[in-house]
Amino acid sequence: ANNGLEAMTDMIASAKSLAQSAMATNDTSERNTLQGQYEEMLNQISDVIDDSGYKGTNLLDSVNNQEIVVSFDESGQSSLTVSAEDVINDFEVINEAATAVTAWDDGTITGIETSITSLDNARDTVRTAAKTLSNQLSTITTRQEFTTKMINTLEDGAANLVNADLNEEGANMLMLQTRQSLGTTSLSLASQAAQSVMRLF
């Protein structure tokens, strides 16, 4: 959706440039050529909107009330709903601009001025949609980073509970073996001492 909005912004600027060039010329043939290029640019803008979907979801066209629900926890109670930004029907800016093209050849610049005004409205609409999606993306990114850090913390905590320190465990085992060896040696020495005392009798 963001890529589509960026492409639309560039195309709207190009369309406005064509309209301004048409307004600046009195040559009917040149104006007709610019009008054809302008109409093609509007068609490309519509195509960009249609092509901005992913896996059947298009956040630039809310005709079908499409949305994406992003869950932040396993239960789904913490979530964010990203709704489609309608850059066509709600504001009708692209359609207004397309309709105004037919007035370019009436010998005045009124139709062209109407087209430029519609393009300015379209640009504002695209900017508003971009801000909305950008804010939602920022929220999702922040929550994703939080979740990643939480996972790392929990994994470290679990590792500290269940993973053995091989050096420490090796030292403990050596200590126990040494104690056992000393105990055995002590018993052996005590037994020998007792036998030596018995021999005196």
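Here are some questions and answers on this predicted model.

Q: In what order do the elements of the protein chain run from the N terminus on?
A: Start with the inventory: the protein chain has five helices and two strands. Reading from the N terminus, the order comes out as α-α-β-β-α-α-α.

Q: Which residue forms a salt bridge with Lys 16?
A: The structure holds three salt bridges, and in this one the closest N and O atoms are 2.8 Å apart. Lys 16 sits in helix α1 and its partner in helix α4, so the pair ties together parts 104 residues apart in sequence. That partner is Asp 120.

Q: How many residues apart are Asp 120 and Arg 123 in helix α4?
A: The side chains of Asp 120 and Arg 123 meet in a salt bridge, at 3.2 Å from N to O. Both residues belong to helix α4, and their spacing is about one turn of the helix.

Q: Is Arg 123 buried, partly exposed or exposed?
A: Buried needs under 20% relative accessible area and exposed needs over 50%. Arg 123 has a relative accessibility of 25%, so by those cut-offs it falls in between. Arg 123 is therefore partly exposed.

Q: Which element supplies the largest share of the lining of the largest pocket?
A: The largest pocket has a volume of about 440 Å³ and is lined by 18 residues, with Ala 1, Asn 2, Leu 59, Ile 68 and Leu 133 nearest its centre. At least two lining residues come from each of α1, β1 and α4. The largest share is five residues, and it comes from α4.

Q: How many charged residues does the lining of the largest pocket have?
A: Sort the lining by class and you get nine nonpolar and eight polar residues. What's left of the lining is charged, and the count there is one.

Q: What is the accessible area of the nonpolar patch that Phe 146, Met 150 and Leu 154 form on the surface?
A: Take Leu 154, one of the patch members: this residue is found in helix α4, residues 110-162. Leu 154 is exposed, with a relative accessible area of 56%. Together with Phe 146 and Met 150, the patch has an accessible area of about 310 Å².

Q: What is phi of Lys 55, a residue other than glycine?
A: Most residues other than glycine have a negative phi. Lys 55 has a positive value instead. Its place is in the loop between α2 and β1, and it is exposed, with a relative accessible area of 74%. Phi of Lys 55 is near 55 degrees.

Conventions
Residues numbered from 1 in each chain as written. Predicted model: local features only at pLDDT ≥ 70, side-chain atom pairs only at ≥ 80, totals over all residues. Heavy atoms only, no water. Patch = residues over 30% accessible without salt bridge, like charges linked within 9 Å, V, L, I, M, F, W, Y side chains within 5 Å. Areas by Shrake-Rupley, 256 points an atom, 1.4 Å probe, with all protein chains shown as cover. Salt bridge = Lys/Arg side-chain N within 4 Å of Asp/Glu carboxyl O. Helix = DSSP H or I, 4+ residues; strand = E, 2+ residues; numbered from the N terminus. Buried < 20%, exposed > 50% of the residue type's maximum accessible area, 1.4 Å probe, protein only. 1 Å grid on protein atoms, 1.4 Å probe; cavity = no way out; pocket = protein on both sides within 12 Å on 5 of 7 lines; lining within 4 Å. Points joined across faces, edges and corners; volume = space filled by probe spheres on them. Nonpolar A, V, L, I, M, F, W, Y, C, P; charged D, E, K, R; others polar.
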